[in-house]
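This report looks at a few local features of one structure.

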Amino acid sequence: MRAVWSCMTGACTSMIEVKVTKMTEDERVEMTPPPRSGGGFLPRFDTSLVPRNSISGRALVAVVAIMTFLASLTTGGVILVNQAANEWQADVSREVTIQLIPAAGRNVDALVDKAVSVARAYPGIGDVRAYSKDESSKLLEPWLGAGLKLDELPVPRLIVVKIASGATPDIPQLQRILAEQVPGATLDDHRGWIDRMRAMSGTAVVAGLAILAMMFVATILSVTFATRGAMATNKTVIEVLHFVGAKNGFIASNFQRHFLLLGLQGGAIGGGGAIILFALAALMSRWFAGTAGGAQTQALFGSFAIGWGGYFAVLVQVVLIAAVTAYTSRHTVNRTLEMID
Amino acid sequence: MVRFENVGLRYGLGPEVLRDLTFRIEPHSFQFLTGPSGAGKTSLLKLLFLSLKPTRGLITQFGHDVATLSRDAVATLRRRIGIVFQDFRLLDHMNTYENVSLPLRVMGRAEETYRDEVIELLNWVGLGERMYALPPVLSGGEKQRAAIARAVIARPQLLLADEPTGNVDPSLAQRLLRLFIELNKSGTSVVIATHDIALMDQYDARRLVLHDGRLHIYD
């Protein structure tokens, strides 16, 4: 049976001329749509229920991209500071210094040799290197200037003792042995410096984490409000779908899917940009590794590589921000539907 | 089909805008809903369309007490009702074909299964040549016919129209009325909310007149 609105003639615009067949209730229920019967080519009609490429949608993608980029930079920054602080601490704590102060009647060279042999014999010590008198004098040049005759001055002699990898020697015990066997020898384990370094790096990391937390809150709030703004322009769509009999879950799922894609799109742009930036920074850091500037930068910021963990953190952020976008859209749809009802 | 028993409606703590409404809408019936502005026509249409719930009284639609229906059940029931809004409410990002087929799409039907049906209806309402046009480029009359086509594409048992001739010239108004009459003859119960006396005079049908929130029925 053909549909009731079968066009009788070409003059379809004249409703008065339409002849109508009376239908019973049963016929209405049983009526099935006619099969597609040839005809000309027609394109598919599959426009998304939620408008794509709207201005508000593009603005949302831009907001998500910018906020993801900034959040990723902050995350990378925190990771770099943390890595650098750990490297500084590790470098300093793997080294102790023996200092020998010259005094009248002391054979300093013999005492240096003695201290070196005591240190070498001590378990857990890797490498021991005594600075020569000239080397010790050169260390003073930045303060006293070059060309001074330092032979008459009691310039202390330094012995750098590196701790073997993985070992944890009893440094106070070494300190006691040196005091007993090598007169005038003192051992500095850089404890005060390490404590200050630890406090400074801890402060830097905590500050970074606090900034990261604020960045996350700002990102979530901006994305939430941008999503709500984009949703406001779709209120009519929600209402119409509701009035034509769409179930709430159907409407919410369509919007959630659409906004998840927008969030992922923005997140991929922002997070991808940040990843490219970090990869370039790591590459440039390697390129300039041999230069004085490169060494200085590396000393301050480490290798500039956030590592796989850092890249993973950026990807997690992208997914998280997209999820926030999707959740906000679903929440807004549900609220709109509640208001309609 | 639809039964109202002592139905009252108020918004918030305000006065009752509809009072003691008791009436039925029978299958295959045709009625005009009329009354002065502010009499409560749109509120009554919203009750009929399950967009509002009464503050008192009983409404049953298709045998269901609407007060006890879940949201999903309301959505399912709403598929048996077609509504034509005064402001059309067509989706601007979808073309005429897609707007008209929207009720079938949300039911989960594949496009191939309803394509011929939609094209047939578009031809019938005179929009066959405007299938690909987006609503912003349609004239007022074309929008109205698209809105009507969307309301009837799923073959609703009850058709509600809010001022369907409010934005069109008398000639088109007459044609739209004929369209509603033909739909009624095909088995759809029709309720047209209007205060266009000339339109009502063209067809001898039951009149539901709202005045001060009360309903007067003229069979």
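## Two loop residues in chain B

In this predicted model, H28(B) sits in the loop that links β2 (16-25) and β3 (30-34) of chain B. Most residues other than glycine have a negative phi. H28(B) has 17 other C-beta atoms within 10 Å, so it is partly exposed; a buried residue would need 20 or more.

D212(B) lies in the loop between β9 (206-211) and β10 (214-218) of chain B. D212(B) is not a glycine either, yet its phi is positive, at about 55°. Is D212(B) buried or exposed? D212(B) counts as exposed because it has 12 C-beta neighbours inside 10 Å, and the limit for an exposed residue is 12 or fewer.

## Chain B as a whole

Chain B contains seven helices and 10 strands. It has 219 residues, of which 48% count as buried. Of the contacts in chain B between residues at least 6 apart in sequence, 69% join residues at least 24 apart.

## Two packed helices in chain A

Two packed helices are described by the angle between their axes and the distance between the axes. Helix α2 (residues 55-93) and helix α10 (residues 307-340) of chain A pack at an angle of about 145°, and their axes are 10 Å apart. The crossing of α2(A) and α10(A) is right-handed.

Residues of α2(A) in this contact include V64(A), A71(A) and I79(A). From α10(A), G310(A), V314(A) and I321(A) are among those taking part. By class, the contact of α2(A) with α10(A) has seven nonpolar and seven polar residues, and no charged ones.

Terms used:
Residues numbered from 1 in each chain as written. Chains lettered and ligands numbered in written order. Predicted model: local features only at pLDDT ≥ 70, side-chain atom pairs only at ≥ 80, totals over all residues. Helix = DSSP H or I, 4+ residues; strand = E, 2+ residues; numbered from the N terminus. Contact = placed C-beta atoms within 7 Å. Axes fitted to C-alpha atoms, helices over the stretch in contact; angles between N-to-C directions. Left-handed = near helix turned anticlockwise from the far one by under 90°. Nonpolar A, V, L, I, M, F, W, Y, C, P; charged D, E, K, R; others polar.
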